[in-house]
Amino acid sequence: MNIIHTFSSNNLDRGDSTRYDEKKLETLFESSKVKILPFCELNPLIENSAIPELGWLSKAEYNNLKFSEDTSKVLFLGFDQDQSPCFTLEVNKTVEYKYLNRNLSYCDSREVATEISQNEAGILAQAKSNIDWNRKNKYCSSCGNHMKVFRGGIMRKCLSCKLEHFPRTDPVVIMLVYKDNRCVLGQTRLRQKNGFYSCLAGFMDQGESIEEAVRREVKEESGLQIGKIKYHSSQPWPFPSSLMIGCHAEATNEKIIIDKNEMTDVKWFSKEEVVLALKNKSKILNVPGPIAIAHHLIKSWVYNQI
Ligand SMILES: [Zn+2]
């Protein structure tokens, strides 16, 4: 399927070869073409125009602000289409932008992702996940000593044991289980309100294929057995750094046994009810909106595009 999911249209050139040249990265950060995107508490600076945009700062604007942050925390994102080097960094709340004469503020990452362009949502995902990984990996997980950032933020190296650490991405299988004219949707403990149901999903285990993970998660959460599995599409999900792997999975039986530890409800829904829910017209069912891959897994099944 050729669906472009939110967070999956990042058109930056991530500049792999440039990342090995630490001096070059420093020079790029000092150049007049540099674009700098601050985050605060993992939320991006946004320019609040009619169509919101990422609040990229020029070098002059950056220099005018009173940043207390250590510039060694600046992370390289890549080059945009004009070959401008793009960087990001996390700042604290005290930085004031109002005298830059621009309508800038920090906005919730998830809420703003569907308002900014698809390309910028992809950049948001890259920057947010990379900041989050760097802030959580200050110390070596092998020996506990300090680590230093390399390659603009996509590698950290232990200053003691020299072990190299790379950003993690957590694969999650998410699948619409179906049989004939019905599909299975579940409700987790976190989202019990308003008849909200979504596709079953779960983190992949180590040493497990996508197909094995789909079968295991479905069995754990619903007790159902799965026959045919078909991959649909994937979506980066920067909360904090997952990769959603979307599939359709055909059940071979119908009796649901709910995992009460994880799920408050799992049940079959008719295609007619799901169609109403996609149009926000169902009285009993709410499904995720287009920001989430679950929406597209449901929609493609409803319209026989699997
Ligand atoms: Zn170490």
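## A paired strand to start

Strand β7 is joined by 4 bridges to strand β8 (residues 155-158), and the two run antiparallel. Helices (H or I, at least four residues) and strands (E, at least two) are DSSP runs, numbered from the N terminus. Two strands pair if DSSP finds at least two bridges between them. V149 has R156 in β8 as its bridge partner.

This is a predicted model, in which local features need pLDDT of at least 70, side-chain atom pairs count only at pLDDT 80 or more, and totals for chains, interfaces and linings use all residues. Residues are numbered from 1 along each chain as its sequence is written.

## The sheet around β7 and β8

Strands β7 and β8 belong to an open sheet of 3 strands, in the order β7-β8-β9, with antiparallel pairing. Which strands stand at the edges? They are β7 (147-150) and β9 (164-165). Each has a single partner strand, so one side of each is left without a neighbour in the sheet. Strands of a sheet pair through backbone hydrogen bonds, either parallel or antiparallel.

## Two loops with positive phi

Most residues other than glycine have a negative phi, and most peptide bonds are trans. R151 has a positive phi, near 55 degrees, and is not a glycine. R151 sits in the loop between β7 and β8. K162 also has a positive phi, about 70 degrees, without being a glycine. K162 lies in the loop between β8 and β9.

Are these residues buried or exposed? A residue is buried if 20 or more other C-beta atoms lie within 10 Å of its own, exposed if 12 or fewer, and partly exposed in between; C-beta atoms are placed from the backbone. R151 is buried, because 20 other C-beta atoms lie within 10 Å. K162 counts as exposed, because it has 10 C-beta neighbours inside 10 Å.

## A cis peptide bond

F239 and P240 are joined by a cis peptide bond, with omega about 0 degrees. P240 is placed in the loop between β13 (226-237) and β14 (242-251).

## The whole chain

The chain has 306 residues, and buried residues make up 33% of them. Its secondary structure comes to 8 helices and 15 strands. The C-alpha trace spans about 60 × 50 × 30 Å along its principal axes. Two residues are in contact if their C-beta atoms, placed from the backbone, lie within 7 Å. Among contacts between residues at least 6 apart in sequence, 66% join residues at least 24 apart.

## Domains and their contact

The chain is divided into domain 1 (16-135), domain 2 (137-167) and domain 3 (170-302). These bounds come from an automatic or database domain assignment. The centres of domain 1 and domain 3, taken over C-alpha atoms, are separated by 34 Å. Their contact takes 8 residues from domain 1 and 5 residues from domain 3.

Helix α5 (residues 118-136) gives the most to the side of domain 1 that touches domain 3, with 5 residues. By class, that side has 3 nonpolar, 3 polar and 2 charged residues. Here Ala, Val, Leu, Ile, Met, Phe, Trp, Tyr, Cys and Pro count as nonpolar, Asp, Glu, Lys and Arg as charged, and the others, Gly among them, as polar.

## The largest nonpolar core

A nonpolar core is a set of buried Ala, Val, Leu, Ile, Met, Phe, Trp, Tyr and Cys residues joined through C-beta atoms within 7 Å. The largest holds 65 residues, of which V173, I174, M175, V177 and C199 touch the most other members. Strand β10 (residues 170-179) gives the most to this core, with 7 residues. The core draws at least three residues from each of domain 1 (16-135) and domain 3 (170-302).

What does I174 contact, leaving aside its neighbours within four places in sequence? The list is C199, A201, M244, I245, G246, I293, A294 and L297.

## A hairpin and a buried tyrosine

Strand β4 (residues 75-79) is mostly covered, with 4 of its 5 residues buried. It is joined by 4 bridges to strand β5 (residues 85-90), and the two run antiparallel. F79 stands opposite P85 in β5. The two strands form a hairpin with 5 residues between them, and Q83 in the turn has a positive phi of about 65 degrees.

Y106 is found in strand β6 (residues 104-106). Y106 is buried, because 20 other C-beta atoms lie within 10 Å. Not counting residues up to four places away in sequence, Y106 touches C40, N43, P44 and L45. Y106 and L42 are 64 residues apart in sequence, and 9.3 Å apart in space, C-alpha to C-alpha.
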